[in-house]
Amino acid sequence: MLISYLAAWIVLLLLLGLSVLSAYLPIGSLHPLVNFGVAVTQVAIVFTVFMRLTSPPRIKWVFAGAGFFWLLFLFVLGVIDYLTRSGFPPG
Amino acid sequence: MSAITADLPPSYLTHEFTLRSWLLSTDHKRIALLFFASITFFFFVGGFAATLIRLHLINPSTHLLQPDTYNRMFTMHGIVMVWFFLIPSIPTTLGNFLIPLMLGARDLAFPRLNLGSWYLFNVSGLLAIYFLVAGGVDTGWTFYTPFSTLFSNGHVIAAAVAVFVNGFSSIATGLNFVVTIHRLRAPGLTWFRLPLFVWAIYATSVIMLLATPVLAMTLALVAVERWLGVGVFDPSLGGDPLLFQHMFWFYSHPAVYIMILPAMGVVSELVTCFARRPVFGYSGMTYAMIAIAVIGFFVWGHHMFVAGISTFSAIVFSLMSFVVAVPSAIKVFNWTATLHRGSISFEAPMLYALGFIGLFTIGGLTGLMLATLDIDIHVTDTYFVIAHFHYIMVGGTVSAFFGGLHFWWPKITGRLYSEACARGAAILTFLGFNLTFFPQFILGYLGMPRRSYTYPPDFQVWNVLSSAGASILAVAYLMPLFYFAWSAFRGERAGPNPWRATGLEWRTSSPPPERNFERTPVVTCPPYQYDPVDGSYVAQDGVANA
Amino acid sequence: MQYASLAQQGETAQLGMWVFIATEVLFFGALLFAYFICRLSYPEQFALAGRDSKILLGAINTVILLTSSLTMIAAIELVKRGRRHAERLLLLTALLGVCFLGVKGYEYVQDFQDATVPALNFLLKPGYHPPAEIFWIFYFVATGFHAVHLTIGIAILLIMAEMTRRGRFSPGYYAPVETLGLYWSLVDAIWLLLFAAIYPLGRAAS
C-alpha cells in the first residue's frame, strides 16, 4: 500500500518535469493542452491514490465528479457566447 | 418559555430552559427555531424597504425618497429578501426541523455544523445590518460592473463580504442535508419511498452546493477590483463587464430554483394530505425536481439577452429556458391530477397550497414569455420582470412557506392555531398579492422601467393600485404574528397527528421528544397512502390511521 | 449518538469532506473560468505577462506540496496501524506547508521588485498592453486564496498533531485525520491546476 503512494509521488514529480520542460519547447498552440493535460492527470492521480477515491463508499465518485462536471456547464455555455461574438478575440 | 410549555409533555422544548441551551444547542429542532427567528427579522427588514418603495411610488412627483435613497431601498430589498430571507427560509426552518424526522433519524449528520451554519448566517446578517445602516448600496442586488466596482459610492465591499459569508451558511446547510439524506435514512426507507419534501430539499441542497461557490468567487473579484481600483471586469484593462454577468447569473439563476424547489416540496405534502390522495406520478415528481435542479444551470444567459451576448448564445439560452419550464409544468399537472377526485378540505395550509399552484402557474407562464427573445426585448428591465419573479417568489415560495408553517405548527409547538384567523389571512394574502403585482404586469407591458424612482403620470393609476394591494398584503402577513403568538401561549393542545397525515414526523409526539423517536421507525410503505373515499390512511411505518 | 458504529461515522465524515471538495472545485473553477475567458481574449498579452512569472519558484513549491501529501498520507497510515509518533509526520507536513508559504512570500517580494503587482507596483513594460495586468490580478487572487486554504490546513494539522500526541486516535478511530488528509490533498490538487495556469506560459521563444 505504502509503495503505491511513493510510486504516485514519483510519477507526479515526473509529470511536473514534463510540464516545465514542454514550456520551453516551440510547440505553439499545443502548450495549453500539454500543461493543463498534465495538471488534470496529476489531479486524477492525487484523487485516486492519495484521496483513495476508489475505496468504499462508491458514492464518493459522484460527489468528486459532480464538481468538475458542473464546471463544464459554466465553461461550455459561457465560452459559446464569446466564441460566437463578432470581433472576438479582441486582443 | 415555561409559559409556552406549561401544559405540554416533555419535549425538545422543555429539555432545558437556559439561554445557553438554546444558543449552543445542536438539536436540529431548536436550530430550526433559531433560524426562524433570524429570517423573520430579515423578512421585516426587507418588508420595510418594500413599504417605503411602494409608498414612494404612489406619486411620481412628490418624491418621498431622494433618488439616491430610492436606489438604496430597492437594493436593500433585493439583497435582504434574496439572501437573508428567501434562500434560507424553507430549508433552514422547515428543512432543519423536518428532515431528520421524515427520515426517522435522531438528528442531521453534522449537528455542530448545523449550529455553525446559524452563527455564520448571523455574522453575515450583522455585516448586512452594518452596511445598510452605514448608508447602503445603490447597485441593485445584482452588483453589475463596472458601476459596482468603479463608480458606485455605496458600501459595495461590505455588502459583497456579507453575501460571501452568507454563502458559507448556505453551503454548510446544503452539505448537511445531502450527507444526512444519503446516510441516515431509517431501515426500509429507500430513495423512492422518501416524501417529496425530502427530495425537494435534496435537490435544493445540490444547487446550493454547486452554485454558491461561483457567487463567492464572483463577489471576491468584485471586492478586489473595488478595493484595488483595477480588476478583471474593468473595460479599461480590456476586461469584460459581461464576464461578471455570466459568473453572477451562473449562480443567481439556480438560486431562484433554490428558492422554489423547497416550496414545491411543501406543496406536495399539503396537497396530498388535504385531498386525501397519493400524489399523482410520484417518480415523475422526483425526476422533475432533479431535472429542474440540473437544467436550471443551463439557462442563466436569459438574464443577459440585451446585455451584449451573441445572438447564437441568446438562442441557446432561450431554448434551454423553454426546456426548464417542462418539469415545472409536469409538477403543476401532477398536483392538479392529485386534486382530481380527491376528498378536498380547505384548511389554511390547503388554501396556501392552492394559491401557490395558481400563482406559480402565472409566474411560470410569464417566465416563458420572458424566455422568448422577441418579447423579452420589449419587457426586459421593466415591471413585467418584477411581476414575474414576485409571482414565483412571493406568490409561490412565501405562500408555500406560510402553508408549511401552518401545517407543521402543531408538530413544532404542540398547539393548534385558530383556523378561522388563518383562513382569513390566507385569503387576504391571495387578494392582496394579486392586487399588488398584477398591475405590475400591465405597467411592464406599458413600458415602465424597473429601478426607477419616478415615472410618467400615465402610469400612476396602476402604481396606486399596486401600492394599495401592498398595504393589504402587509396586513395579511402581519396577522399570523398575532394568532401564532396566541396559539403558542393559549392554543389548544395538539395530538401527534391532527391532520391525519402519513409522514414519519407524525408518528411521534407533538412537540417531538429531544431524541425524535422513542424507537427508530422501520418503514414499510411509500408516502401518501391516503384513501379519498373514507379519508383513512397508512403511515409510512405501516400503521393504519395512526 | 446516532451512528451504528464508529466506522459508519467515519465514512459519513469522509462523505461530508467530499461534498465540501466539490464546492471548492467550483470556487476555484469559477476563477479558472474567468482566467480562461480572459486568456482566450488576449492570448498574446497573457503569454507576455506569463513570461515574468517565477517558474523555478513555482516548481519548487509544487515539489514541496507534493511531498507534503506524501507525508500526510504516511501519517494517516501510521495512525491506522496503531504505530507511534504519527504526530511527527503531521508536524512535518505542516512544516512543508510553512515552507511553501515562505517560498511564496519570497516570490511575492520578487514580483513587487519586478513591478508586476497590480495597484501596488505595476509597470507596463514596452510592448505590453493593459490586458497583461489582468494576468497578474489572477495570479494574486488565485495564489492568495490558495494560501488562505493552505494556512487553514496548517492550523488544523497542528491541532491534529497535538491530539495524536495525546493518543486520541487509534486503528478504531482515525476519521478526523483521514478527513484532514482529504482536505490537504485537495489543497495540493488546486495548486497543480493553478501551476499550469500561471507558470509554463510564454516560456518558448516566439
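How many of the 28 residues of α7(B) are buried? I counted 21 of the 28 as buried, so α7(B) is largely enclosed by the rest of the structure. Buried here means that 20 or more other C-beta atoms, placed from the backbone, lie within 10 Å of the residue's own.

Conventions. The model is predicted: local features need pLDDT of at least 70, side-chain atom pairs count only at pLDDT 80 or more, and totals for chains, interfaces and linings use all residues. Residues are numbered from 1 along each chain as its sequence is written, while chains are lettered from A and ligands numbered from 1 in the order in which they are written.

Helix α7(B). I looked up its extent: residues 156-183 of chain B, reaching 41 Å from first C-alpha to last, close to the 40 Å expected at 1.5 Å a residue. The expected span is 1.5 Å times one less than the number of residues. Helices are DSSP runs (H or I, at least four residues), numbered from the N terminus.

Chain B against chain A. I found 14 residues of chain B in contact with 13 of chain A; contact means C-beta atoms, placed from the backbone, within 7 Å. On the chain B side, α8 (196-228), α9 (241-275) and α11 (311-339) give two or more residues. α11(B) gives the most, with three residues.

Chain C against chain A. Here 40 residues of chain C are in contact with 41 of chain A. α1 (6-41), α2 (43-50), α3 (55-80) and α6 (175-198) of chain C each supply at least two residues of that side. The largest share, 15 residues, comes from α1(C).

Note on methods: Two residues are in contact if their C-beta atoms, placed from the backbone, lie within 7 Å. A residue is buried if 20 or more other C-beta atoms lie within 10 Å of its own, exposed if 12 or fewer, and partly exposed in between; C-beta atoms are placed from the backbone.
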